[in-house]
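Hello,

Here is the structure I promised to pass on.

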Amino acid sequence: MDFSAFLDGFGVVTQPGNLVYCLIGVVVGMLIGVLPGLGPAATMAILLPIVYSAHDPVAAIIMLAGIYYGAQYGGTITSVLLRIPGEASSVVTVFDGFALAKQGKAGTALGIAAIGSFIGATISIIGLTLLGPLVAEFALDFGPPEYAALALLGVLLVATIGNGNTVKALAAAAIGLLLATVGSDSFTSADRFTFGSLNLEDGIDFVVVAMGLFGVGEILYNLEERHGKPHVPAAIANIWPSRKELKEAGPAIGRGSVIGFVLGVLPGGGAVMASLAAYAAEKRVAKDPSRFGRGAIEGVASPESANNAAATSSFIPLLTIGIPANASMAMLYAALLVVGVTPGPQLIDERPDLFWGVVNSMYIGNLILLLLSIPLVGIFVRILRVRPAILAPITALITILGVYTIRNSVFDIFLMIVFGVIGYLMKKTGFEPGPMVLAFVLGSLIESSFRRSMLIFDGDATGFVTRPISGTILAFVVLVIAFPLIKRAFRRRSTPATAEAAASEDAPREDSLR
Amino acid sequence: MSETTPRQQDAPEHDILAEIQAEVAQDLADERPPSGGPAYQLASSLVVLGIGVAAAFLAYGYGLGSLRRPGPGLWPFVVAILIVVLGAVLLVVGRHLDDTEKFTRASLLVLVGAATFVALGYLLPLIGFEIPAVLLGIVWLRFLGGESWRSTIVISVLTTAAFYGLFLYALSVPLPHLIAF
């Protein structure tokens, strides 16, 4: 590791301008984490136009990153106080967090969650700092076949791991790949799917697609789902956990951090998956698993440490290989392309200011978040009193005016609205927009790598398999496709037993949640 | 979601994980509107299938070339065939899924919301952003959100003024505007 570059990174972060952007990012992230509705990917999409107008691209990237990990802190608050996960990654925190809140220990749950989040994230950043340069060095040898295989694996994993039906997610991803081919072909300059429109000649801008599918789609969807009334949470006291509680939660925080770090690095992994796995692991190692769902402190500590660790470590594949691991990272990928930086293994050498600036901003951002979520948590809880109806037009206006400012183009506004309506319809029919956006962002990389590989192999497609690294990655691709089928066949044989076990486990939990 | 958990051969952990996922799904399902049923599944599968067939047809027209010299249509064609296959699979296995949501009267709100977006897009280059933005605020707050007239007016005007400052001064981006200082 180049130690002086690492230290210079702190120089980048401590520039006042960058510190302000970092602060804005984590506060916005925390806010949208607290407010159910808009997720971090949607918020990052809506704010992408800022990247075009920011005085310093590094600052804008630092801010967008802050939104992502900040949201992991905020999501906990509503899980504990209202039994509504502010973010998908805090869903399991609901079980024990809300149970603790009902016992009058909401403050303890929030305090432990904040400390766990901070430790999880910090362990993960240290891992990123040490591991990132090594991965990048390894990835420098990757050629087009490796990139084609790796990006394909990324899309496939995001589609199979996401919520909802796998076939639907794969269909959405495939349509995303197709959308990426719209415009003039970069190899032959033949027009594809432009239908004579000059506006489509350069292809569809991913910023517009992301803002439409994520931003407008979620705004419209929330318009229908909104229940109108604000949520009034109970007052909280005693944020600082006692020494005994810290002792109880300590090992859980450690395990959660490690699980989160590992799962975050995998493409398709990320905060949601990590929090579920950490909760499961905690329940398994516990001496008395029946405490879970009834206010076990480990049930809050572990998933919250894990989701922050995963949110942080999912930066590794993006910054060192150039493959976004989830939808939020796809937004950051888009932002990097906008400022003229191609994410990849060369990033760390060519733009050390950006690489270390962003990585080191996370140390500081998490410190700010710890301060925000322990002494200042009361302020964020108050935000829950703001009626959702008031925020909706504000986000709507930010989105429309924002997309216009990218190129002063009204066409972009209408294109974004079209994708917004598509995003809304997808949500209504059970298709996740996430895989589509990710596939769209990676689409041109996959196509050009595939075509370059075919030129290298002189038309012989077996070259993908015989090269050791791309062959290994493709073996994973096959495994990902085959595993659910094998599992389904296996499950069918053992269904009755597991169903019974699930039913008996379900009953007490229901009571504890009401 | 559990497909790639490390140590997936490890049966107990896997079971707990699957169990928690079922709990989470159950929890989320409680809050969702009624499912749309087979008609919604059929319609969405047909849309996927239609996109695939149309794209395959167009891509074929762009020229497939050969594997040695791929034409502009080869990659889109491969992807389109994949979409057709996935659409066909959905047509068969999708019928019994319950992941759709019925359109209700509340869905009309979405239509109105989308219409205000379009209206703002049309009016922006003609009369600047201030008046359409205030109007959008009024529609969303008063008619879609059920706020009182007083807070509707105050919030709409303040929001528009804040965006005026943010876009024209803080970010200094050229946004069409009516009022100039």
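I start with chain B. The end C-alpha atoms of residues 44-176 of chain B lie 39 Å apart, and the span is 73% helix and 0% strand. Helices here are DSSP runs of H or I with at least four residues, strands are E runs of at least two, and both are numbered from the N terminus. UniProt lists this span, 44-176 of chain B, as "domain: DUF1468", in an unreviewed entry. UniProt positions are given in the numbering used here, feature names are shortened, and annotations may be inferred rather than shown by experiment.

Some ground rules. This is a predicted model: local features need pLDDT of at least 70, side-chain atom pairs count only at pLDDT 80 or more, and totals for chains, interfaces and linings use all residues. Residues are numbered from 1 along each chain as its sequence is written, while chains are lettered from A and ligands numbered from 1 in the order in which they are written.

The unreviewed UniProt entry places "transmembrane region" at residues 42-62, 74-94, 106-129 and 149-171 of chain B. Residues 42-62 of chain B are 100% helix and 0% strand, with end C-alpha atoms 30 Å apart. For residues 106-129 of chain B, the figures are 88% helix, 0% strand and 28 Å. Chain B is also divided into domain 1 (38-96) and domain 2 (107-170); such bounds come from an automatic or database domain assignment. The C-alpha centres of these two domains of chain B lie 40 Å apart.

Next, the contact between the chains. Chain A gives 73 residues and chain B gives 73 residues. Two residues are in contact if their C-beta atoms, placed from the backbone, lie within 7 Å. On the side of chain A that touches chain B, α19(A) gives the most, with 11 residues. That side of chain A divides into 46 nonpolar, 14 polar and 13 charged residues. Ala, Val, Leu, Ile, Met, Phe, Trp, Tyr, Cys and Pro count as nonpolar, Asp, Glu, Lys and Arg as charged, and the others, Gly among them, as polar.

Last, a helix pair within chain A. Helix α5 (57-82) and helix α17 (352-373) of chain A pack at an angle of about 40°, with axes 9 Å apart. Axes are lines fitted to C-alpha atoms, for helices over the stretch in contact, and angles run from 0 to 180 degrees between N-to-C directions. The angle makes α5(A) oblique to α17(A). Angles under 35 degrees count as roughly parallel, over 145 as roughly antiparallel, 65 to 115 as roughly perpendicular and the rest as oblique.

Best wishes
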